[in-house]
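Subject: Structure for your files

Dear colleague,

Notes on what was found in it follow below.

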Amino acid sequence: MYRIAVIPGDGVGPEVMQEGIKVLEAAGEAANIDFEWVRYPFGAEHYLATGETLSEDSLKELSRCDAIYLAAVGDPRVKPGILEQGILLRLRFYFDQYVNLRPVRLYPGIPTPLKDKKPEDINFFVVRENTEDFYVGVGARVTSARQREELEVKRELYELKFGVDITKEGSEEVAFQIGVISREGAERVIRYAFELAKRERMERVTSVDKANVLTHVYSLWREVFEEVAKEYEGIETEHNYVDAITMYFLSMPEHFRVVVTPNMFGDIITDLGAQIQGGIGLAPSGNINPEGVSMFEPVHGSAPNLKGKGLANPVAQILAGALMLRELGEGEAAKLVEQAVAETLREGVRTPDIGGSASTEQVGSAIAEKVKALAEG
Ligand code: IPM
Ligand code: MN
């Protein structure tokens with residue numbers, strides 16, 4: 001019996017979540033796994049009604065779950081950043097989910113924008129660091145010395161004319177934000193990447209950085225990568241600059257096996273990864289703390305414009321469920337879900353974003369049925 005916290009969130013979140021749970025229930029039945037779904041209302045409605053994103057009490061409650069299954073948060077009525085930081089990033093940091101695992105896999109028959117590339121050419125993992133780098137939230141807007149001088153000169157004039165003191169509030173025209181890499185933080189995620197390569201029998205680990213410009217943070221990242229790599233004989237290693245890897249994702253995706261990257265670059269290159277695997281509607285992600293509570297979600301957001309139309313692709317949410325099963329130690333059930341997704345897509349049961357005409361609900365039900373059919377064998 002697994003106790004799973006469910007956060008459907010905003011926009012199309014609840015619609016894709018319903019299909020995710022449907023498929024996991026089917027897989028559970030086939031593999032003798034019981035789920036207890038504990039629903040939480042976090043998201044825009046809850047925030048607008050209560051002013052609260054996530055409470056300390058609910059975080060404590062969530063820590064008693066085996067995993068968190070999240071759909072998406074984000075709503076045009078709420079200022080950008082509030083829900084993302086207050087819910088998504090808060091959960092990642094609170095539970096120290098230091099690995100963001102994002103498989104990039106092209107399923108058979110799915111159109112990719114890459115000409116002549118086949119499923120066997122697009123099949124790798126991005127392991128994104130998930131708690132450091134530019135996501136630590138350290139920074140400020142400040143007033144520079146020169147700006148302050150200029151402002152002093154104009155101050156009296158403005159005060160007379162507009163009745164405001166421009167040297168106060170809101171006149172900060174310089175901003176900075178700091179990225180942080182720690183040895184410990186880099187080491188644990190890089191080690192995870194190598195262990196993944198070993199487990200999956202993948203022959204190469206690629207490290208991403210920008211050590212030629214952001215020399216302080218990413219030279220430490222590089223150093224740690226080199227050190228950890230020494231422990232894994234037989235696994236090839238290389239460094240790619242982040243700008244260059246965006247080219248290589250397009251020109252030679254078949255080269256990549258496991259890619260390990262600092263947080264912010266990982267955010268950017270995994271949207272690209274999602275596109276080459278057929279679109280953001282197909283890309284799942286796991287926020288993993290191997291020793292703690294992990295959280296599984298699609299890479300896509302809440303897509304408020306699609307809400308309630310039955311157009312959202314539930315596959316990313318369903319595949320996130322498969323990642324959750326695997327992390328819970330239910331590898332067979334995870335495989336079953338992935339196989340059911342592959343076959344359902346191959347048969348052409350697809351939402352419009354990938355060239356089909358089926359609804360969110362139809363795709364979810366077809367995959368759940370396929371799970372049952374495969375299990376009965
Ligand atoms: C993602 C998202 C988040 C991120 C945002 C919504 C905070 O883009 O999961 O990739 O930057 O990590
Ligand atoms: Mn992103």
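**Contacts of ligand 1**

In this predicted model, a polar side-chain atom of arginine 128 lies 2.8 Å from an oxygen atom of ligand 1, a polar contact being a pair of N or O atoms within 3.5 Å. Arginine 92 has a polar side-chain atom 2.7 Å from an oxygen atom of ligand 1. For aspartate 267, a side-chain N or O atom is 2.9 Å from an oxygen of the ligand. Taken alone, ligand 1 exposes 320 Å², and the protein buries 76% of that (Shrake-Rupley method, 1.4 Å probe).

The residues around ligand 1 (a heavy atom within 4 Å) are Glu84, Leu88, Arg92, Arg102, Arg128, Tyr135 and Asp267. By class, five are charged (Asp, Glu, Lys or Arg), two are nonpolar and none is polar. Helix H4, residues 82-94, gives the most to this shell, with three residues; helices are DSSP runs of H or I, at least four residues.

**Largest pocket**

The largest pocket has a volume of about 660 Å³. A pocket here is an open set of points on a 1 Å grid where a 1.4 Å probe fits, with protein on both sides within 12 Å along at least five of seven lines; lining residues have an atom within 4 Å of a point. Its lining counts 28 residues, with Arg105, Phe125, Leu323, Arg326 and Glu338 nearest the centre.

**Conventions**

Residues are numbered from 1 along each chain as written, and chains are lettered from A and ligands numbered from 1 in written order. Local features need pLDDT of at least 70, side-chain atom pairs need 80 or more, totals for chains, interfaces and linings use all residues, and side-chain values use heavy atoms, without hydrogens and water.

Regards

Technical notes. A polar contact is a pair of N or O atoms within 3.5 Å; within protein, one must be able to donate a hydrogen and the other to accept it, and residues adjacent in sequence count only if both atoms are side-chain atoms. Helices (H or I, at least four residues) and strands (E, at least two) are DSSP runs, numbered from the N terminus. Grid points are joined across faces, edges and corners, and a volume is the space filled by probe spheres set on the points.
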